[in-house]
Amino acid sequence: MDILDQSIHELHQRLKSKEISSVETARAMLARIESVEPQIGSFITVTPEQALADAEAADRRIAAGQMDVLTGIPLALKDIFLTEGIRTTCGSRILDNFVPPYSATSWEKLKERGVVLLGKLNQDEFAMGSSNESSAYGTVRNPWDTDRIPGGSSGGSAAAVAARQATATLGTDTGGSIRQPASHCGCVGLKPTYGRVSRYGVIAYASSLDQVGPLTRDVTDSAIMLGALAGHDPKDSTSVNTPVPDYSAALTGTIKGLRIGLPREYFIEGLDPDVHKAMDAAIESYRRLGAEFVDISLPHTDYAVATYYLIATAEASSNLARYDGVRFGHRAEGAAGLLDMYTKSRSEGFGAEVKRRIMLGTYALSSGYYDAYYVKAQKVRTLIMQDFICAFEAVDVILTPVAPTPAFKIGEKVADPLQMYLSDIFTIPVNLAGTCAMSIPAGISASGLPIGLQLIGKPFGEETILRAAHAFEQATEWHTRKAVI
Amino acid sequence: MNISVAVVEHVARLARLELSEEEKNLFAGQMGAILGYVEKLRELDTEGVLPTSHAVPMENAFREDAECPSIGIEKALANAPDRVGSFYRVPKVIE
């Protein structure tokens, strides 16, 4: 069990000292995946042959003295990342047999460092969901309580870390899809600033909001992974050309004088009492560490979910127009002409949540409604961004809950999409503002479920939130709690 | 907000989706509820506010117009549902 519990930095020390090999590590992980998959369902595709080949290559590299901190580390990717030669479904039937001809830049970067690929992780279909229940490959179960959802859309990515099926994973976050599952599964999830990490080869949902990030066991690993992923990519014209700092060096352990903002709109009546208690305790811990608290307001918070569900669905309806059965993906049999082929292929290939969002987005962009819905939402987005700009004049970091409640029961919100959408109320504003945020373990509910704390930073302020998260981790032991599975 | 089945059918046509009668009724109700919820944006005065299309303000990203290899015909066609030679095959467009 020991290998399975290790963080990247711990495993690195053991690989470096040759106490264990990368092949032994990969074998242990693959055996673990096989034994717990029937209960969890984190993976869509497991890649044992690839993993062992990668591990052998890593061991050669280690023997040659050419290792770096990620060499030989077993990872898994959300099935939204294109992996050349390895099936990539994005959780959808429409891509059931799709084998990409090229790879995502984030995967290329990790490969260069000599990581080991264990497989592709389950997710909500096209990253549309907050519970992983919209996947065409079955609902992922929360390792802390298998009757509950792991969160979404990167549900497999969070569950795999919590169930110790991978040392770390990659996810994507459009409205909270890294932070919310990380919170529900008790791991560390980081959504970098928009433009910090390349989106090339990441299947698009809402292009002005999507961002890649890691899910890890601790903050040190989060800094290591961000360092490997960040940077300008000529293949993504929205990636930003600013230098990548040494994120690990930012973890100094001291936050004396750090100004932390508490937005009053996030500490609302509907907040679960256990979540509220965990936030109060976290605030107390930060106070002891020397942080100063400032009451702030983000006045347009209440409009974020409405804004998001217009912008994200509009962008999705345009992005998903490419699935037409012509060049790749599912093509319906027996269509009467080209138009019928498009329509039938899409209708057979997409699940209900994807259809619902395409419909909403198409409506918001359609003639007569474009200004009233889409442009209006873009204007409110400006107001939401300004809320953050104003707040960050007085504070360095903003502290909030990640989700209003711990993980809910499987099936609880399926019939009511609006209630499902409202579960992302605290994470969505960050994507609209384009800034960075992370979720770290900060408590356990009375019923034994993990509770996450969100730290929001200024644009490109990842070093500050990582430093604040790390200091909290040093002072508490929530990150050492493990799901019993 | 009330969304009729006729509106659902119109939007489905625009989105190239074919919905069952059951889906049409379900979506009419759910879209009505969601669009009713987003109506709250009307409470805000956005006169003179510029719309945001991207979080990071940026100019056009130019690159050198240099030759570089592409992925090639075989790789590009490897996922084709149907092909003839180096082409994708689709149902007849013009009768």
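Begin with the contact between the two chains: select 53 residues from chain A and 41 residues from chain B, where two residues are in contact if their C-beta atoms, placed from the backbone, lie within 7 Å. On the chain B side, α1 (5-14), α2 (21-38) and α3 (73-77) each supply at least two residues; helices (H or I, at least four residues) and strands (E, at least two) are DSSP runs, numbered from the N terminus. Colour α2(B) next, as the largest share of this side, 7 residues, comes from that helix. By class, the side of chain B that touches chain A has 28 nonpolar, 6 polar and 7 charged residues. Here Ala, Val, Leu, Ile, Met, Phe, Trp, Tyr, Cys and Pro count as nonpolar, Asp, Glu, Lys and Arg as charged, and the others, Gly among them, as polar.

The model is predicted: local features need pLDDT of at least 70, side-chain atom pairs count only at pLDDT 80 or more, and totals for chains, interfaces and linings use all residues. Residues are numbered from 1 along each chain as its sequence is written, and chains are lettered from A and ligands numbered from 1 in the order in which they are written.

Now select domain 1 (2-258 + 396-480) and domain 2 (302-369) of chain A, with bounds from an automatic or database domain assignment. Their centres, taken over C-alpha atoms, are separated by 27 Å. In chain A, 28 residues of domain 1 are in contact with 22 residues of domain 2. On the domain 1 side, α14 (417-422) and α15 (428-433) of chain A each supply at least two residues.

Finally, within helix α5 (residues 105-112) of chain A, select the buried residues A:Thr105, A:Ser106, A:Trp107 and A:Leu110. A residue is buried if 20 or more other C-beta atoms lie within 10 Å of its own, exposed if 12 or fewer, and partly exposed in between. Their cover includes β2 (74-78), β4 (168-173), β6 (211-216) and α8 (219-229) of chain A. Just after α5(A), A:Gly114 adopts a positive phi of about 85 degrees.
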